[in-house]
Amino acid sequence: MKKLAIVVAGGPAPGINSVIGAATIRARLSGVEVLGIQDGFKWISEGDLSHVVPLTIEDTSRIHFRGGSYIGISRANPTRSPEHFQRTLDALEKLDVGMLITIGGDGTATLAQIISEKTRGKIRVVHVPKTIDNDIDLPYDVSTFGFQTARHVGVEIVKNLMVDAKTTHRWYFVVAQGRKAGHLALSIGKAVGATNIIIPEEFQQGCPVAFNTVVDILAGSVIKRLGYGRQDGIVLLAEGLADCIDPEDLAKHTAIPRDHMGNVHVAEINLGEVLEKAVKERLAGLGIKATLITKYIGYEVRCADPIPFDMEYTRDLGYCAARYIIEGGTEAVVSIVNGRFQPISFQDMKDPATGRPRVRLVDVDSDRYKIARSFMLRLKRQDFDKPEELARFAAAARLTPEAFREQFHHLVKDEPEVAVDVELGLAAKAVELAGGPVR
């Protein structure tokens, strides 16, 4: 039987080692030799086979406790060059690889399919979806591995920031990783009870959104909070928000880095600092002095030791990936639905418009999002409909009610309908008036 190779590509996510360990153990118990391709496709795409190591049960049986990747990782993409791709195929042939388990995101899944197609099935491929962004289009309510750990660690970080915010009377703008989708920002923010959460999906119908609209949403939260007697708060921002803001608007405030395809490289935009400066200026124009601090969450969480959920989940994924490919399966993404293994074909995950795997976005029509939105402290339509509330916030902004309406009413013009229980609304209001938990 030909050998099974395992390769990890893209960015780190908690649970990688659990997949490697479980897949290796399952394969070795079936008498299959396992190879670990170190540092993604970096070396073999250059024809260098010296970074390929044998994997054994003894080597991998306890690596699942730790974050990072036992065999390294890289973002090297051999398909960017015909020469690099051919060297990759030649290397796999020289290594006698007939089965390949890829661990990565949507780009790695696409690469895995290309390898299968170009070798005409001589190399079977199975992909294990990995990203803390949670944006791979798996069945409903099935997380990408690493997401739950990233949320857990992110919550612990933000909890500490919340205490600091209240103690020192300051605001934190926390930018969470999420290239296209706001799952991580939303889930961290909702869990801790953040003052506000802004994700790109809320602007789906109005993208691109004006830079000043985002600034006013944030300034409005600060003003509303002041109206209730508080000078502190926590805002969660998804980094993908940068891709949703009008690029011409954004370019007035910062340089716009782009990748080799001309796409905005959101990870390189200092979104927090750009918004922090703009919101300070907006508030200063109203005579309000606020202390705003930016914090990024991404690198701290993606190599964390996996929590028990992800340890168990990823060991299941690794086991199923090895079993499926050894039994002849190929060109499928591994998923576990309701405790049962469910392979999803590459074709079923493709977006016909792009030819790449579909991106899973936050469903802003779901109750999960609507509940989060109802608890956010941001200016809402009802604030302008109730004279006493309008007067409260106008006074905090040092404006007349008429001037406040003129400057901020645009935020609620297209406000989505968020159906919540009356009791929920009253409870949220009571929490704010009482000073409430550390939000």
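Author: The largest nonpolar core has 89 residues, and Ile101, Ile115, Ile234 and Leu236 are those with the most contacts inside it. A nonpolar core here is a set of buried Ala, Val, Leu, Ile, Met, Phe, Trp, Tyr and Cys residues joined through side-chain atoms within 4.5 Å; buried means under 20% relative accessible area, with a 1.4 Å probe and protein chains only. Helix H5 (residues 147-168) supplies the largest share of this core, 9 residues. Helices are DSSP runs of H or I with at least four residues, numbered from the N terminus. Another core, of 45 residues, lies apart from the largest one and includes Leu377, Leu379, Ala394 and Phe404. In soluble globular proteins, nonpolar side chains tend to be buried together.

The model is predicted: local features need pLDDT of at least 70 and side-chain atom pairs pLDDT 80 or more, while totals for chains, interfaces and linings use all residues. Residues are numbered from 1 along each chain as its sequence is written, and side-chain values use heavy atoms, without hydrogens and water.

Now to a helix contact. Phe211, Val214, Val215, Asp216, Leu218, Ala219, Val222 and Ile223 in H7 meet Val274, Leu275, Ala278, Val279, Arg282 and Leu283 in H9, where contact means heavy atoms within 4.5 Å. By class, this contact of H7 with H9 has 12 nonpolar, no polar and 2 charged residues; Ala, Val, Leu, Ile, Met, Phe, Trp, Tyr, Cys and Pro count as nonpolar, Asp, Glu, Lys and Arg as charged, and the others, Gly among them, as polar.

Between H3 and H4, Phe85, Leu89 and Leu92 of H3 touch Leu111, Ile114, Ile115 and Lys118 of H4. That contact has 6 nonpolar, no polar and 1 charged residues.

Notes: Buried < 20%, exposed > 50% of the residue type's maximum accessible area, 1.4 Å probe, protein only. Helix = DSSP H or I, 4+ residues; strand = E, 2+ residues; numbered from the N terminus.
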